[in-house]
Amino acid sequence: MSTTESRRLSDDYEVADVLGRGGFSIVRRGVSKSDEGKTQVAIKTLRRLGPAMTGMGMQQGSKGAPSSGGLPLWKQVSISDALLTNEILVMRRIVENVAPHPNVISLHDVYEDAHGVHLVLELCSGGELFDRIIGRERYSEFDAAAV
Ligand SMILES: Nc1ncnc2c1ncn2[C@@H]1O[C@H](COP(=O)(O)OP(=O)(O)OP(=O)(O)O)[C@@H](O)[C@H]1O
């Protein structure tokens with residue numbers, strides 16, 4: 001994960017379709033601009049409630065820049081700086097202490113701009129765990145282990 005360069009999300013990724021929404025976030029597909037779209041990622045954007053923050057120690061991108069990398073403003077719950085900081089610290093701890101691990105998604109990069117923070121994550125294909133779980137009436141222990 002790069003931490004030093006000052007780049008915007010839109011410098012490196014084309015932001016495409018919405019993959020899902022969380023309590024304080026929206027997750028969209030990102031297509032890398034550097035390798036003719038071969039690399040796809042999930043971009044989880046947490047929208048900031050208050051003024052821009054700095055000094056989190058892991059963000060890249062343009063601190064306090066006046067745009068969100070060409071992204072439209074969407075209807076989304078905003079998040080306080082405290083929650084935003086917490087989310088990033090949790091991700092950071094996972095990256096430092098657990099990843100790489102086959103069962104833990106990778107955090108590739110973090111960008112920050114005036115509207116919030118964009119976490120660039122490994123793209124998970126294969127659909128929602130919940131849909132898999134309710135897709136069958138019952139599971140044996142053996143089947144459940146493979147979901
Ligand atoms: N790495 C990913 N690859 C593909 N889709 C993803 C990825 N991360 C999240 N999503 C999609 O976005 C949805 C919401 O993301 P996530 O589960 O991270 O949010 P949350 O933790 O529930 O919410 P919040 O962090 O805002 O409280 C997921 O249910 C999934 O559909």
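Visitor: Is Thr45 buried or exposed?

Guide: Before I answer, please note that this is a predicted model, in which local features need pLDDT of at least 70 and side-chain atom pairs count only at pLDDT 80 or more, while totals for chains, interfaces and linings use all residues. Residues are numbered from 1 along each chain as its sequence is written. A residue is called buried if 20 or more other C-beta atoms lie within 10 Å of its own, exposed if 12 or fewer do, and partly exposed in between, with the C-beta atoms placed from the backbone. Thr45 has 25 other C-beta atoms within 10 Å, and therefore Thr45 is buried.

Visitor: Where does Thr45 lie, and with which residues is Thr45 in contact, leaving aside its neighbours within four places in sequence?

Guide: Helices (H or I, at least four residues) and strands (E, at least two) are DSSP runs, numbered from the N terminus, and Thr45 lies in strand β3. Two residues are in contact if their C-beta atoms, placed from the backbone, lie within 7 Å; with those sequence neighbours left aside, Thr45 is in contact with Ser25, Ile26, Gly116 and His118. The C-alpha atoms of Thr45 and Val120 are separated by 8.7 Å, although the two residues are 75 apart along the chain.

Visitor: In what order do the strands form the sheet?

Guide: Strands of a sheet pair through backbone hydrogen bonds, either parallel or antiparallel. Two strands are taken to pair if DSSP finds at least two bridges between them. Here five strands form an open sheet in the order β1-β2-β3-β5-β4, with antiparallel pairing. β1 (13-21) and β4 (107-113) stand at the edges, and because each has a single partner strand, one side of each is left without a neighbour in the sheet.

Visitor: How many bridges pair β3 with β5, and how many join β4 to β5?

Guide: Strand β3 (residues 40-47) and strand β5 (residues 116-122) pair over seven bridges in the antiparallel sense, with Leu46 having Val117 as its bridge partner in β5 and Ile43 standing opposite Val120. β4 and β5, which also run antiparallel, are joined by six bridges, and they form a hairpin with two residues between them. In this pair, Tyr111 stands opposite His118 in β5. Five of the seven residues of β5 are buried, so β5 is largely enclosed by the rest of the structure.

Visitor: Which residues of α2 are buried, and where do they fall when seen down the axis?

Guide: In α2, Leu84, Ile88 and Met91 are buried. Seen down the axis of α2, the buried residues fall within an arc of 60° (the arc of the directions from the helix axis to the C-beta atoms), so they line one face of the helix. The face turned away from the buried side carries exposed residues, among them Asn86, Val90 and Arg93. What covers the buried residues of α2 includes β3, β4 and β5.
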